[in-house]
Amino acid sequence: MVTTLAVFTRDLRVRDNPMLVAAAREAERVVPVFVLDAAMDRSGFAAGGRRRFLAESLTDLDRSLRELGGRLVLRAGEPVEQICRLADEVDAARVHIATDSSAHAHRREAALRSALSERRRELRGHDEVHAVVAPGRLRPAGRDHFAVFGAYHRRWSDVPWRRVLGPPERIRLPELDPGALPPVEPRAGTDGFPGGERAGLMRAERWLGQGVEHYDDQRDRLAADGTSRLSPYLHLGCLSALELATRAGAGDGAREFVRQLAWRDFFHQLLDARPDTAHRDYGRQVDDWRDDPEALEAWRTGHTGVPVVDAGMRQLLAEGWLPNRARMITASFLTRTLGIDWRAGAAHYLEHLVDGDLANNNLNWQWVAGTGTDRRPGRVLNPLRQAERYDPDGAYVRRHVPELADLAARDLRQPWRLPDPERRALKYPAPLPGLADTLR
Ligand SMILES: Cc1cc2nc3c(=O)[nH]c(=O)nc-3n(C[C@H](O)[C@H](O)[C@H](O)COP(=O)(O)OP(=O)(O)OC[C@H]3O[C@@H](n4cnc5c(N)ncnc54)[C@H](O)[C@@H]3O)c2cc1C
């Protein structure tokens, strides 16, 4: 009887998963397996909310696989070693895995391919699992990736997308030790992201039914909650980006939403071609960043004295998430206003974001810092103008900076301008040295 391994990585779903469908189609018995990678734990990449989100997503995936007649097999340790051992145990002729864009994923795939081939087993990598359009499928003449989003987006919008797949009909497992699911830690009261495909689908249905049509005029309003909040589900593949893009519809809101999914593909194709850009400047090289541990700490904890920046940073710590506009304001403030290296900001984000994603995070950081793909690398976001425009009544700042909740909107943007006794009574920090004069 032919047996295959379906190795899950960050494609934790049964719907529209070409890797799982191919594994189930070619063999009588399939072993769906996830390896709890020791290196992820050591690197801190599975920190806090992300670890909880992953555990819930694996539990949910196990439930879905059981409904199809199988279950999720768990192993812990070094992925190549664990997968080879399992392939030997069940005598799998072929192993299926989704390809991925980071240097870690490239190394893992290459090492796995070589270790399996020594055992006369084959690895089949599936490109079209994470993205709507797989990295590498679109290339400008003479280059291995697009460096300009506009040109990428035009090509992306023109190519045909693959068909959305249903779950496999049936999964049948051989006899083996299934291993143990990681324990699900309790979710903090402010953490609004239950992990898993079911939770993601419920959110996606609500979003496609009611939210997406207003997306184009709501997405930048800081207090509006006008975006999908699907990013953690997309990061771990609990949802298929292709399915979302296919079902989004045709209105202005839907078009803008699908455009954001193209940004996601854009950064993934860039990281796939240049994995070093997770840590190295992609475009303009900058080597005169300021070393200012106190300012960095004030930024991290939301105590810079600039309300809209502090609101974003405190939301990040409390919820593990913040809207795109707040990410841009806080990242611009760190890199452009304080002159601190984008890598310090990106690392802090990755430590706390539930949707922390190497391509989306680090390449967006570079975009904002002016070392990445932005065609206007001199662009600086003034936090006062941003607050005026995207939080005009101050509702976002009031929500996350309670010390300022009773102030009128204008004072809320520049509390340092209040008369001394009033300012002191707020118990809110004065702006970092030199800032009050530069921010006007
Ligand atoms: C400094 C900075 C750091 C970021 N770090 C991350 C990160 O770690 N993980 C992450 O998923 N996104 C990141 N983003 C991109 C974006 O802010 C988030 O994807 C978005 O805010 C998530 O909320 P949402 O799901 O409601 O997005 P929506 O506005 O509803 O967008 C739908 C989806 O499109 C994708 N998307 C949206 N905007 C972008 C973008 N600018 N670049 C790439 N993809 C996008 C995301 O997958 C998102 O879930 C970052 C942006 C900046 C400026």
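## Domain organisation

Domain bounds, as used here, come from an automatic or database domain assignment. In this predicted model, the assignment divides the chain into domain 1 (3–129), domain 2 (130–161 + 197–273) and domain 3 (293–438). Of these, domain 2 and domain 3 each contribute at least three residues to the shell around the ligand.

## The ligand shell

The ligand is surrounded by 27 residues, the closest being Tyr-215, Thr-227, Ser-228, Arg-229 and Asn-324. Sorted by class, this shell comprises 13 nonpolar, nine polar and five charged residues.

The side chain of Ser-228 places an N or O atom 2.6 Å from an oxygen atom of the ligand. Gln-260 has a polar side-chain atom at 3.4 Å from a nitrogen atom of the ligand. The ligand taken alone exposes 810 Å², and the protein buries 98% of that area.

## Secondary structure around the ligand

Two or more shell residues come from each of helix 9 (231–235), helix 11 (252–273), helix 14 (324–337) and helix 16 (358–369). Helix 11 provides the largest share of the shell, with six residues.

## The interface between domain 2 and domain 3

The two domains that contribute to the ligand shell in this way also meet each other directly: 19 residues of domain 2 are in contact with 27 residues of domain 3. Their C-alpha centres are separated by 25 Å.

About 2000 Å² is buried between domain 2 and domain 3, and carbon and sulfur atoms account for 64% of this area. On the domain 2 side, Asp-220, Leu-222 and Phe-267 together supply 36% of the area that domain 2 buries against domain 3, more than any other three residues.

Notes. Residues are numbered from 1 along each chain as its sequence is written. This is a predicted model: local features need pLDDT of at least 70, side-chain atom pairs count only at pLDDT 80 or more; totals for chains, interfaces and linings use all residues. Side-chain values use heavy atoms; hydrogens and water are left out. A residue is near a molecule or strand if one of its heavy atoms lies within 4 Å of it. A polar contact is a pair of N or O atoms within 3.5 Å; within protein, one must be able to donate a hydrogen and the other to accept it, and residues adjacent in sequence count only if both atoms are side-chain atoms. Accessible areas come from the Shrake-Rupley method with a 1.4 Å probe; for residues, only the protein chains shown count as cover. Helices (H or I, at least four residues) and strands (E, at least two) are DSSP runs, numbered from the N terminus. Ala, Val, Leu, Ile, Met, Phe, Trp, Tyr, Cys and Pro count as nonpolar, Asp, Glu, Lys and Arg as charged, and the others, Gly among them, as polar. Contact means heavy atoms within 4.5 Å. Buried area is the accessible area (1.4 Å probe) that two parts lose on being put together, summed over both.
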